[in-house]
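Hello,

Here is the structure I promised to pass on to you. Have a look at it first, and my notes on what turned up follow just below.

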Amino acid sequence: MSKARLPEPTSADKAAALALAPVSRETLTRLEAYVDLLLQWQAVTNLVAPSTLPTLWTRHIADSLQLLDLVPGAKTFADFGSGGGFPGVVLACALADHPGARIDLVERNVKKAAFLREALRVTGAAGEVHHRDIVDYVDSRTEPVDCVTARALAPLHQLFGFAEPLVRNGAKALFLKGQDVESELTEATKYWTIESALHPSRTGGDGCVVEVTGIVRRSMAAAGGAK
């Protein structure tokens, strides 16, 4: 029995995505190469939900690109749980012509890490794949980064735990979230005192970007306040 043909992104969706998040011709060429590669690998490795393929450009590409407007001038990124490359590979494609820009893609799944390496090679984007657990990566990171990102990875209280050492060292964190963001924030504040802002997603729907500039574990915050 032959395998069912996967749906493909539509030209209308691509045009809509580029209207939402315009890019240079060079960046578009890199993104097109990345999308072509993703569609090839999707046939054998589940990188994105098949139902999202027709709207891949708005649902995944533009959704990732919108982060750049929240960190103008940022060049060094740590992308947790990069998976199929959102937002990490997309950001790497957009920043490839910026001197000094570099994206660390942290992914512990062997197949997805292999895909990410191939994506960086095919696009010529500046980045490095770290095939390891996030905690191990953060513990070994000696240089500060400008921004920490994650998408569809874990609840906010866990993401804050992963990102806290890097945010404490000067990074801004940007987490792409869906309709459950308010309940996740409520749960997270049981464990963390945070400085944050919510930005509605440019791509519509119930999505938003959680921008975080400060994270302190509650026990530490309480101890500091008692002095």
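In this predicted model, G81 sits in the loop that runs between β1 (76–80) and α4 (88–94). Its relative accessibility is 16%, and since anything under 20% counts as buried, G81 falls in that class. Setting aside residues up to four places away in sequence, G81 touches V106, E107, I134 and L153.

F86 belongs to the loop between β1 and α4 as well. With a relative accessible area of 6%, F86 is buried. Once its neighbours within four places in sequence are left out, the contacts of F86 are Y34, L38, V48, H60, I61, S64, D79 and R151.

According to an unreviewed UniProt entry, the feature "binding site" covers G81, F86 and R151. These residues are spread over 71 residues of sequence, yet they cluster in space, with a largest C-alpha distance of 9.0 Å.

Now to a pair of helices. Helix α7 (residues 156–168) packs with helix α8 (residues 181–188) at an angle of about 55°, and their axes are 8 Å apart. Angles from 65 to 115 degrees would count as roughly perpendicular and those under 35 as roughly parallel, so α7 is oblique to α8. On the α7 side the residues that meet the partner helix are L156, H157 and F160; on the α8 side they are V181, E184, L185, E187 and A188. Sorted by class, this contact has five nonpolar residues, one polar and two charged.

Finally, a word on P7, which lies in the segment before α1 (11–20). Is P7 buried, exposed or in between? Its relative accessible area is 34%, which makes P7 partly exposed, because that class lies between the 20% and 50% limits. Apart from neighbours within four places in sequence, P7 is in contact with P50, L53 and P54.

Happy exploring, and do write back with any questions.

Best wishes

Conventions: Residues numbered from 1 in each chain as written. Predicted model: local features only at pLDDT ≥ 70, side-chain atom pairs only at ≥ 80, totals over all residues. Heavy atoms only, no water. Axes fitted to C-alpha atoms, helices over the stretch in contact; angles between N-to-C directions. Helix = DSSP H or I, 4+ residues; strand = E, 2+ residues; numbered from the N terminus. Parallel < 35°, antiparallel > 145°, perpendicular 65-115°, else oblique. Contact = heavy atoms within 4.5 Å. Nonpolar A, V, L, I, M, F, W, Y, C, P; charged D, E, K, R; others polar. Buried < 20%, exposed > 50% of the residue type's maximum accessible area, 1.4 Å probe, protein only. UniProt positions renumbered as here; feature names shortened; annotations may be inferred.
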